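Have the sequence and the 3D view handy as you read.

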Amino acid sequence: MTQKPLSPLFCLLCAALPASLPAAAAAEPVQSSSQGPQDFDLPSQTLGEALKAFSRQTRLQLFYDAELVAGKISPALQGRFTPSTALQKILENSGIRYRLENGNTLVLEKAPTKPDQPQSANTLPSVTVVGQTVQFDATDPYNEDYVLPNATSGTKTDTPIMETPLNVQVISKQVLKDQQVINLGQALKNVSGVTTGSFAYGTGNANVANQQITLRGFASETFFRNGFRLQQGSAQREMANVESVEVLKGPAAILYGLAEPGGMVNVVTKQPLATPYYSASQQFGSYDLYRTVLDATGPLTQDDTLLYRTVFSYENSNSFRDLVFNDSVFFAPSLKWNISPKTQAMLELEYQHKKFGADVAAVPVINGQLLNIPNSRNYGEYSPGQTDTIFVGLNWSHQFNDDWSIKHRVSANLNDSFIPVSSYPVFNLADPATLAVFQSFVLGPITPNSIPRLSYINQKNNNDTYSTNLDLVGHFDTLGLNHTLLFGGDYYRLDSSGSHQTDLGSFLNWYAGGPEPSNIDAFNPSHPGRNYPPTVDPTSYNKTVTNTDQYGLYFQDQIKLPYNFQVMGGIRYQYIHQKQSSQNYTGTVTPQDPTTQDAVTPRVGILWQPQSWLSLYANYVEGFGANTGKTYVSPGVSKTIDPTSASQYEGGIKTSFFDGRLRATLAYYDLTKTNLASTDPDVTHVCGGERCKIAIGEVHNRGPELDIQGEILPGWNAIATYSYTDTTISKTNPENEAFLGLYPVGTRYWGVPRNTASVFSTYEFQSDTLKGFKFGGGINLQSSQLTCCNAPQFSIPGYATVDLLAAYSIKVGKTKVSAQLNVNNLLDTYYFTGAGFDSPSVMFPTFGQPRFFMGSISVQY
């Protein structure tokens, strides 16, 4: 293999070792060092973990590829040694040597078995550092780093974050462990400008699977799994099989097609490893939460040709909300086939069977004021539901040579859910104004203080996504410029259907003098409420089927220029074809006119890295999205809302300190999105059996964001975030003139707090006496926000919550045993993370979780 020299831009100064190592471990002598003997106490463990511990103790940096140390075990090291002798013993019989570049850069590489003997097809090639440095193996299960140097979401080429002219943040597995994260929404509080919850009607609270992620002011139920787009239940993603979480801010259309312009969230899953690893964790928490997670990985063959990984979890819990529960089984096996050193293939599966209590949280409004109710109160009824999700993926890759490689993936995600009966409040008749309106229209009896409820019966939803993706990556030089090219294409097929019936005593029938709907007392609710269970109205059956084909082609070039400048440019062509039909209770199918939309979206960025620890960047990005909502024209007539488009300007500064262990990003962005669809405030406007939508026009977001994460001192890790989001409606479409009083230009957009901030920090004792003890905590803050969607808008207050943790780990032979306790919302703050209105007398909020204890015991081997 042709070796390439280390680029001066990416070579970091390494403290030199004091003496030469024997020929089996070293290729040439090492310069002397002033470091003297030190006390070492390292157990036999994976070689990657041993090298990491050596580097932390001696403050020396070693550069190597992750695969170089895969599958290797280091001998135990106990005693007092110079750093050179310690490293010699760690590398003993490993077949690894070091090479000194430019007199001061230490690189680990494969040692040939005999002088001048070519390497066989079963050995790894020599490792040189070209364009980046690899310090530690990010996939190592014992990796405790808060900062990961690379991310794939921004460019699909595994570019170092310090060299990416985009705002990319990564939440490492150690952060997920320290915070005992069990769903995606909990993880995302570690990234600025990201909130979770719901601010639209009917989306419920933290126990409902369709929670939204709001990033830079725009909400979405979409997230990505290793670059594969998934919809529905984004914030409730099962975390047992998650290695890390990447967040790309700003429109991601060029590489991923349809995505909200605020950004994308990409879950990176656990991969099969060559080093055997086994772990078991038992968590227990408030509200009868029990969660078991098992993880096992390793080789199936002696030559590491076949690797496996199996992850299993079971969770059972109640909730702080009455009548709500969760029971989930999750199983994720994967098999990797190393066909040759240049060709790999992997088959992976995820299956989740989940039973839950559906909940649409509600708070009555009386005379314009929220009724002060406990956060446990549920005005609905017991609504058990079930969801089954199956993901299957097959991907393979091939390295043609040192410069060109290809990746191909085929994936399918099948999601089915069913809720027999789900009821939720519609109006609050304890409100005098609402009661007066009903008394003038409703012919049936009215019970004082009652809250009429609508029940969806036999509610079924199916969301199936099929996809294939092909990427070709190449590296070449022209006129002294280094290029990284990406050619790619993807195809998505989305098939979705939803059907339900309503109760005979629905409020719409009540208008016409029908039977009184099921209701419950606003002040003293008792279950079940009156007229429950409901009687099915057979004429209310409605089913909607949507089939969408999405095609995309994209091109990207990353160019390294002189004087440490880098530019990135790319473009995507997106084509979307959608068909939709509805079926009524007679079986009559009414097809809607198919829609076809396409767009070209560019992205350009520039980055200057005057020092290895400093990067300045700027970018311009466009986005594109299809609107599936229908807008009301006249009774029985509707039309599809025009596609959305988005554009963003962003500039920022990235810094990296302490040899990359602490990274900070300060950015300012200006983002505009057109034709946002929102629920039509007029309940009589029905499009295809569902509430119609209206196009807001244009929404403008801008503001600064700050993200800091990493190790400040040995054992002291911290994360700090802050964002200010100024979100306003900047244009209103002419066809919505009737709603100008509701959405006037200059109005603050709903569901977006202006200020969000968080601080989280842990410290693990390094001294022998207290070694293994860790403690920490954090604060999360969010300012007030407006509710969606009816005028007058209601403001829900901001809040602050405090979290604490304490943990202890001990080594028992080769086994690591850990015990941990987390307390979230220590002060038991009562708060909402979002809210919406469907009627002026009932608010549908997302309740924040009250004080919550989570303990765990884990064993790793």
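The model holds 16 cavities of 30 Å³ or more. A cavity here is a set of points on a 1 Å grid, over the protein atoms alone, where a 1.4 Å probe fits but cannot get out. This is a predicted model, where local features need pLDDT of at least 70 and side-chain atom pairs count only at pLDDT 80 or more, while totals for chains, interfaces and linings use all residues. Residues are numbered from 1 along each chain as its sequence is written, and side-chain values use heavy atoms, with hydrogens and water left out.

## The second largest cavity

This one has about 800 Å³ of space, a volume being the space filled by probe spheres set on the grid points, which are joined across faces, edges and corners. Its lining runs to 41 residues, with K173, K177, S281, S858 and Q860 nearest the centre; lining residues have an atom within 4 Å of a point.

At least two lining residues each come from α4 (173–178), β15 (242–249), β17 (277–285), β18 (289–299), β49 (799–812), β50 (815–824) and β53 (852–860). Helices (H or I, at least four residues) and strands (E, at least two) are DSSP runs, numbered from the N terminus. By type, the lining has 15 nonpolar, 13 polar and 13 charged residues; Asp, Glu, Lys and Arg count as charged, Ala, Val, Leu, Ile, Met, Phe, Trp, Tyr, Cys and Pro as nonpolar, and the others, Gly among them, as polar.

## A three-stranded sheet

β10, β11 and β12 make an open antiparallel sheet, in that order. β10 (194–197) and β12 (218–220) are at the edges with a single partner strand each, so one side of each has no neighbour in the sheet.

Three bridges tie β11 (residues 212–215) to β12, and strands pair if DSSP finds at least two bridges between them. L215 sits opposite F218 in β12.

How values were computed:
On a 1 Å grid over the protein atoms alone, a cavity is a set of points where a 1.4 Å probe fits but cannot get out, and a pocket is an open set with protein on both sides within 12 Å along at least five of seven lines; lining residues have an atom within 4 Å of a point.
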